[in-house]
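This report describes selected features of one protein model. Please look through the sequence and the structure before reading on.

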Amino acid sequence: MSPASTEPRPLLDALRAGTPLPAFPEADVAQARRLADDVGSASAATVEALPEALAGAVLEAAVLAGQVALPEALSASTMKPLAKAAKKALYRLRSRGVTPAEAPRAAPQAPAPETLPTLVTVVSSTGQYGLLLTRVVHGGVELLQVIASDEQGVLELTRTEQSRGSIRRILKHGLKNGFGMEVSREEGARLLAEAAALNLRTRTPFPPDLEAALRHHGVQPLHEPEPLPAPEPDDVRHALEGDQLHATPEIAEWMPPDAEVQALMEQVQALAASPLALSGVQRQEQVQQRVRDAAKAYFTPEVRQRYARRLWRMAAFFDATGRALQASIARGEARRLFHGLEEPFSRFAETLFAKVVVLAAAGAQAQAATGPEAAPAAPTGERRSPGGLILP
């Protein structure tokens with residue numbers, strides 16, 4: 001074989017003519033013949049596997065056929081001589097007006113829908129809570145303000161359009177002042193659906209616009225909310241620590257319903273007026289027993305589940321406000337209450353009634369010390385957000 005026969009073009013001619021090429025392995029020559037005859041199907045890997053001269057001949061076949069794909073692929077080869085030859089081949093093709101086809105441009109992604117925070121207020125003593133849901137409409141923002149009850153469902157609902165700045169100020173004020181916590185729009189819509197389901201179960205009439213609000217937020221009334229997780233081994237300890245939850249500003253306001261408060265106070269007053277000669281310790285034990293009995297009588301299975309869900313929601317609020325211990329206790333109490341574990345009895349439930357007696361005693365002492373004319377008047381004002389939401 002003459003030196004000239006190792007140049008790409010003469011070597012390509014020899015491959016196509018079937019001329020013997022003893023300087024190269026027979027298998028490589030056969031592979032090079034096939035690739036030269038069908039250069040469109042040649043891959044970069046198969047060409048890189050050939051001896052350098054045969055690979056150059058296949059590249060020559062690609063140039064003559066006006067095939068850009070193979071030279072373009074080989075221009076990034078780690079085999080430097082082959083990559084250099086491929087770049088020369090691409091230059092020759094471009095000089096003839098043959099250029100690589102442009103890769104299809106990805107369709108521009110649609111901008112993500114604008115989302116604004118959703119606010120859920122803390123749960124009140126009566127199981128009421130507020131919900132602020134937002135929805136972008138007509139270039140503005142629709143603000144949905146909801147007052148709901150975990151016993152009746154949605155009680156009040158108003159829809160207004162606000163500017164984005166106004167919405168953000170309302171939500172920021174609510175978060176800053178501890179009225180509630182921020183949740184996702186999906187979570188807020190789920191809470192709305194759960195509340196609407198309660199309206200149906202308790203036959204509480206839907207407020208105006210509730211059906212439209214459910215439709216706009218893509219939810220339907222949920223027949224039954226998800227059950228709480230099963231109790232964990234450490235929850236027994238939480239049952240003995242539940243009284244600590246009443247030391248938080250939010251749950252400190254929780255009290256039993258008026259009827260239960262009245263019944264307990266009548267029993268305590270009857271003990272005080274009893275003609276039995278009881279020591280101070282005995283009388284205190286009797287009061288504690290009345291408190292415990294009242295709590296056990298009130299916390300029926302239905303009430304247990306109601307308070308369990310309240311505590312579960314408050315646990316999320318405690319987490320959001322950096323109170324991990326209180327969140328852990330609230331979740332432990334919630335799991336035990338929901339699943340009906342009675343021993344040891346919930347210190348949270350017992351303290352709910354015990355503080356009725358403590359507060360009554362403190363009030364009586366204060367009134368005795370200052371006289372009835374100094375007794376403070378009952379508060380009549382409502383807590384409202386800057387946007388007018390009545391806060392429970």
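Leaving aside its neighbours within four places in sequence, which residues is glutamate 142 in contact with? The model is a predicted one, and in it glutamate 142 touches Leu133, Thr134, Arg135, Val137, Arg159, Thr160, Glu161, His216 and His217. This glutamate is part of strand E3, which covers residues 140-149. Its relative accessibility is 5%, so glutamate 142 counts as buried, since buried means under 20% relative accessible area. One of its partners is also joined to it through side chains: glutamate 142 and arginine 159 make a polar contact of 3.0 Å.

In soluble globular proteins, nonpolar side chains tend to be buried together. The largest nonpolar core of this model has 56 residues, and the members that touch the most others are Leu192, Trp254, Phe299, Tyr307, Phe348 and Phe353. Helix H13, residues 301-320, gives the most to this core, with eight residues. Another core lies apart from it and has 30 residues, including Leu21, Val39, Ala42 and Ala62.

What surrounds phenylalanine 348, leaving aside its neighbours within four places in sequence? Its contacts are Gly242, Asp243, Leu245, His246, Ile251, Trp254, Phe299, Tyr307, Leu311, Glu333 and Leu337. Among these, Trp254, Phe299 and Tyr307 are also named with phenylalanine 348 as members of the largest core that touch the most others.

**Helix packing**

| Helix pair | Angle | Distance between axes |
|---|---|---|
| H1 (residues 8-17) and H2 (residues 26-37) | about 95° | 9 Å |
| H2 and H4 (residues 52-64) | about 10° | 9 Å |

Angles of 65 to 115 degrees count as roughly perpendicular, and H1 and H2 are therefore roughly perpendicular to each other. On the H1 side the contact is made by Leu12, Ala14, Leu15 and Arg16, and on the H2 side by Val29, Ala32, Arg33, Ala36 and Asp37. Sorted by class, this contact of H1 with H2 has six nonpolar residues, three charged residues and no polar ones.

How are H2 and H4 placed, roughly parallel or roughly perpendicular to each other? Angles under 35 degrees count as roughly parallel, and H2 and H4 are therefore roughly parallel. Here H2 contributes Asp28, Val29, Ala32, Leu35 and Ala36, while H4 contributes Leu54, Val58 and Ala61. By class, the contact of H2 with H4 has seven nonpolar residues, one charged residue and no polar ones.

**Backbone features**

Most residues other than glycine have a negative phi, and most peptide bonds are trans.

Aspartate 209, at 39% relative accessibility, counts as partly exposed.

Proline 344 is found in the loop between helix H14 (324-338) and helix H15 (347-370).

Definitions and conventions: Residues are numbered from 1 along each chain as its sequence is written. This is a predicted model: local features need pLDDT of at least 70, side-chain atom pairs count only at pLDDT 80 or more; totals for chains, interfaces and linings use all residues. Side-chain values use heavy atoms; hydrogens and water are left out. A nonpolar core is a set of buried Ala, Val, Leu, Ile, Met, Phe, Trp, Tyr and Cys residues joined through side-chain atoms within 4.5 Å. Buried means under 20% relative accessible area, exposed over 50%, partly exposed in between (1.4 Å probe, protein chains only). Helices (H or I, at least four residues) and strands (E, at least two) are DSSP runs, numbered from the N terminus. Contact means heavy atoms within 4.5 Å. A polar contact is a pair of N or O atoms within 3.5 Å; within protein, one must be able to donate a hydrogen and the other to accept it, and residues adjacent in sequence count only if both atoms are side-chain atoms. Axes are lines fitted to C-alpha atoms, for helices over the stretch in contact, and angles run from 0 to 180 degrees between N-to-C directions. Angles under 35 degrees count as roughly parallel, over 145 as roughly antiparallel, 65 to 115 as roughly perpendicular and the rest as oblique. Ala, Val, Leu, Ile, Met, Phe, Trp, Tyr, Cys and Pro count as nonpolar, Asp, Glu, Lys and Arg as charged, and the others, Gly among them, as polar.
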